[in-house]
Amino acid sequence: MSTHSAMVEARGIHKSFGSLDVLKGVDLEVRAGEVTVVLGPSGSGKSTLLRTLNHLEKVDSGTVRVNGELVGYRRSGNRLHELRERDILKQRTQIGFVFQNFHLFPHLTVLENLVEAPVAALRRPRKDAVAGARALLDRVGLADKADAYPRTLSGGQQQRVAIARALALEPKLLLFDEPTSALDPELVGEVLDVIKDLAHRGTTMIVVTHEIGFAREVADTVVFMDGGRIVEQGPPGQVLDHPRHARTKSFLSKVL
């Protein structure tokens, strides 16, 4: 269901925290309608890369474009100037982010968690936002939990609410930062099933995960990162079954 237009174009991304170089010149392109799965050991830069794509982390150098628009900056001549916070927040409505630890508002019901952003950020009429939220909860199998509070839900249910909340803004791109790593093993499948459904609907996604089976089944492209660089990328059959780089082979031998 992919097209040939690039939804994400990251070029020369460098990011350091103090003396620690976390990203060392990363280039990444994701086409509209495609799913890219990012694999790699802890500390390889996967989550930091994801956070630069919606300007949760400022890059030290390089540029990110989503749907053709420069993220976090505007260009004036040869210089880049950081956008105002409200303009950055507006950009983020187009880039959904699903965190490892859900980040739901504990004082709001499940339905209110979904309604707040469309009303506040998109100025959507509340009645329309509620109708949209109920449809999304039905889609992720939680229509009966609209009036529940997050603390009463399982981890898998909370993560499905978080996915529905990200979808409520109708983003062009969805980013997932290890969406199942905080879950008990028996709850992983219900979250991955929701993400698989999104893939079948043609949602453009970048998923940082350790779930190799999911990558094999859903990804159009698998990216392997190590030491702040993309070491290898390609179709799942190539990267997972016939890796070319010794570091990729070593990593996969430990997790497969």
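These are my notebook entries on a predicted model of a protein.

**Entry 1: the whole chain**

I started with the overall layout. I found 9 helices and 12 strands in the protein. Its radius of gyration is 18 Å, close to the 18 Å that the globule rule gives for 256 residues, so I wrote it down as being as compact as a globular protein of that length. Along the principal axes, the C-alpha atoms fill a box of roughly 50 × 50 × 35 Å.

Next I looked up burial and surface. Of the 256 residues, 50% count as buried. The protein exposes about 12,200 Å², and carbon and sulfur atoms supply 47% of that area.

Residues 24 or more positions apart account for 64% of them. Then came the charges: I have 34 positive and 31 negative ones, and their mean positions are 5 Å apart.

**Entry 2: the nonpolar cores**

A reminder to myself: in soluble globular proteins, nonpolar side chains tend to be buried together. The largest nonpolar core here has 50 residues. Which of them touch the most other members? I noted Val37, Leu39, Ile163, Phe176, Ile195 and Met205. Helix 6, residues 185–200, gives the most to this core, with 8 residues. Apart from this core lies another, of 29 residues, and I jotted down Met7, Ile13, Phe99 and Leu175 as being among them.

Leaving out residues up to four places away in sequence, I listed what valine 37 touches: Val207, Thr209, Phe214, Ala215, Ala219, Thr221, Val222 and Val223.

**Entry 3: valine 218**

Valine 218 sits in helix 7, which covers residues 212–218. Is valine 218 buried or exposed? Its relative accessibility is 11%, under the 20% cut-off, so valine 218 counts as buried. Beyond its neighbours within four places in sequence, valine 218 is in contact with Val35, Lys196 and Ala199. I also looked up proline 41, which is 177 residues from valine 218 along the chain; their C-alpha atoms are separated by 20 Å.

**Entry 4: glycine 228**

Where is glycine 228? I found it in the loop between strand 11 (221–226) and strand 12 (229–234). Glycine 228 has a relative accessible area of 0%, so I put it down as buried. Setting aside residues up to four places away in sequence, glycine 228 touches Val22, Leu23, Lys24, Val26 and Ser44. Leucine 49 is 179 residues from glycine 228 in sequence, yet the two are 8.8 Å apart in space, C-alpha to C-alpha.

**Entry 5: two threonines**

Threonine 48 came up next, in helix 1 (residues 46–52). At 13% relative accessibility, threonine 48 counts as buried. Which residues does threonine 48 touch, not counting those up to four places away in sequence? My list has Lys15, Phe17, Val22 and Leu23. Val22 and Leu23 were also on my list for glycine 228.

Last, I turned to threonine 248, which lies in helix 9 (residues 246–255). Threonine 248 has 0% relative accessibility, so it counts as buried. Leaving aside neighbours within four places in sequence, threonine 248 is in contact with Phe224, Val231, Glu232, Val239 and Pro243.

Technical notes: Residues numbered from 1 in each chain as written. Predicted model: local features only at pLDDT ≥ 70, side-chain atom pairs only at ≥ 80, totals over all residues. Heavy atoms only, no water. Helix = DSSP H or I, 4+ residues; strand = E, 2+ residues; numbered from the N terminus. Rg over C-alpha atoms; globule rule 2.2 N^0.38 Å. Buried < 20%, exposed > 50% of the residue type's maximum accessible area, 1.4 Å probe, protein only. Contact = heavy atoms within 4.5 Å. Areas by Shrake-Rupley, 256 points an atom, 1.4 Å probe, with all protein chains shown as cover. Lys, Arg positive; Asp, Glu negative; His and termini not counted. Charge placed at Lys NZ, Arg CZ, Asp CG, Glu CD. Core = buried A, V, L, I, M, F, W, Y, C linked by side-chain atoms within 4.5 Å.
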